[in-house]
Amino acid sequence: LVLRCMKRREPVLLVGETGCGKTTVVQLIALVRKARLHVVNCHATTETSDLIGGLRPVRGRSSLAQKMYEILQELITKFHPENAEKVCSLPDFILMSRVDDVHLPEDAVPCMIEISRSLRGRVLASAGDAEPQSKRQKVDKASAVQSLQCQWPSEEMNRMQELFTEMENLNKKYNSLFEWSDGPLVQAMRNGEMILLDEMSLAEDAVLERLNSVLEPGRTLVLAEKGVTSDGENGLIVADDSFQLFATMNPGGDFGKRELSPALRSRFTEIWVPPVEDMTDIELVLQECLANGSLNREASAAVAKCVLEYVEWFNKSICGDISGPFAEFTLSLRDILAWASFIEAAVAADANFPLSDAMYHGACLTHLDGLGLGTALSTTETVSVKRQAELFLQSQLLSVGANLLKHPFGNLSLSISQGRFGIHPFTISIGSVKPKEAAFNFNAPTTSMNLARILRGMQLPKPILLEGSPGCGKTTLIAALAAASGHNIVRINLSEQTDMTDLLGSDMPVPMKGEDQTGAAFKWMDGVLLSAIKAGHWVLLDELNLASQSVLEGLNSILDHRASVFIPE
């Protein structure tokens, strides 16, 4: 269905429950077609400028200065250095031959522009009859170019004029505070690329309505914010023939979700993406996941059989009643793949790790340890259901040659050896910071069990959510674990006042360098979360539930399988 829409250049809206594969479908199409895919994770604070672009502070001034240096070197080469010296004095950094070794001084740009304009004045002057430029004598450009044709061929003259013009344009950009920067939507329209607006319904209607003209057959967009540029461009963007727009959303009525306006929704070709519930489909996906790992064919088949039978039993017997207390704990395809990925990771890390143990730990990690969390269910009811699940799982483990473990972790003692830290059988690599002896007792029974569960969860590249009563030691345990394993940890306390700019960063005014210290410029400053991500540090988002819904939605792409973040600025 999606490919048929693409053939007719129709915008596609994929609607379905969380985890049904909407985003993955678009990513696979882009991968097969070898097309660039822009992904914008929409949320309540998404602005129009995040999609179409806006005025951004000029960045990369050092690269602009370096480009100007390269152009000036080409101009001097055409003049010959000895002739250029006669026109104007050349500073030492200009006379250096290797661009890569040049350290440009702070006043390099004004100096280079002065040299460029002096050379240009010489080009526009007559071969020998014109008066010096300092006398401000008017020069007949036509006769000047004609007299210089004896020195440079016409092609050389045209090239030099292009270089002079480019120097002026770069200087104008270098001295500007702001410049127009195209957003991902405009980039995709210009270059014939694909763009995905993920969780589109989370954005404000005022932002989405701006897309109406892009969704119509003409596929145009007017950048009124840009205005008419110096080169005569009026801001009208017509999409390339290869441009394709996709959007995804959850059904209306989900928490934090809302319906799209009829005017916007009618412009899409809407496709319902049903959840993957058929066991035949799940079996194919599961087998493909296991086939790419370290398990042999026989072990993969045994694992797939056990997992599928358990999932079918749990979803029907425990979660089958839609009005029952465990209806929301249904195992989805995403849970099943996480279970399979854990089994693969555990066996790959330790070849002697029993397959049955890996299956049991995967079941606990995926859902058993979290049964009843966030609900009003009593402890007795939760323990009873968990015991039923363990007994059924025990019957499945018999098929791979083992019984259910009496104690899932065996000896709960910490070990540090061969650059690994943890509780057998789950360890993590020691970080680059020298491990410290934390003033924390890891040997207390409850603490050691919690630590073992955290280490087990860290075997997968997924974020970990710790839920518990205030004062039970969640934050302290993570901080102690980071110190003992040699990792830097960044703690971020969230609240209702926390904004995405606090986490990711923003443009901040900074004083300009050089002789004139009275002006100001803008520089991008990474937020605390983005800085930690770049540095590879651990991040502890404390009191996550206190953050606003818009912040939680903005973190979606960081927390899911994409593990990435889009910075519009």
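What follows is a chat about a predicted model of a protein chain.

Colleague: What is the chain built from, in helices and strands?

Modeller: There are 24 helices and 16 strands in the protein chain. Keep in mind that the model is predicted.

Colleague: How many residues does it have, and what share is buried?

Modeller: The protein chain has 569 residues, and 40% of them count as buried.

Colleague: What share of the contacts comes from residues 24 or more positions apart?

Modeller: Taking contacts with a separation of 6 or more, 72% are between residues 24 or more positions apart.

Colleague: Changing topic. How many salt bridges does the structure hold?

Modeller: It holds 16 salt bridges.

Colleague: Why would such side chains pair at all?

Modeller: Side chains of opposite charge can pair when their charged atoms come close.

Colleague: Take Glu-74. Which residue does its side chain meet in a salt bridge?

Modeller: Arg-159, at 3.1 Å from N to O. The pair links distant parts of the chain, since Glu-74 sits in helix α4 (residues 61–79) and Arg-159 in helix α9 (residues 154–174), 85 residues apart.

Colleague: What is the relative accessibility of Glu-74?

Modeller: Glu-74 is at 28%, so it counts as partly exposed. Arg-159 is partly exposed too, with a relative accessible area of 31%.

Colleague: What about Glu-309, what does it form a salt bridge with?

Modeller: With Lys-305, and the closest N and O atoms are 3.1 Å apart. Here both residues lie in helix α15 (residues 297–318), 4 residues apart, which is about one turn of the helix.

Colleague: One more pair. Where do Asp-369 and Arg-453 lie?

Modeller: Their side chains meet in a salt bridge at 3.8 Å, N to O. Asp-369 is in the loop between α17 (355–366) and α18 (379–397), whereas Arg-453 is in helix α19 (residues 445–457), 84 residues away, so this pair also links distant parts of the chain.

Colleague: And their accessibility, Asp-369 and Arg-453?

Modeller: Asp-369 is partly exposed at 29%, and Arg-453 is partly exposed at 37%.

Colleague: Which residues are joined with them into one network?

Modeller: Lys-386 and Arg-456 join Asp-369 and Arg-453 there, through salt bridges that share partners.

Terms used:
Residues are numbered from 1 along each chain as its sequence is written. This is a predicted model: local features need pLDDT of at least 70, side-chain atom pairs count only at pLDDT 80 or more; totals for chains, interfaces and linings use all residues. Side-chain values use heavy atoms; hydrogens and water are left out. Helices (H or I, at least four residues) and strands (E, at least two) are DSSP runs, numbered from the N terminus. Buried means under 20% relative accessible area, exposed over 50%, partly exposed in between (1.4 Å probe, protein chains only). Contact means heavy atoms within 4.5 Å. A salt bridge is a side-chain nitrogen of Lys or Arg within 4 Å of a carboxyl oxygen of Asp or Glu.
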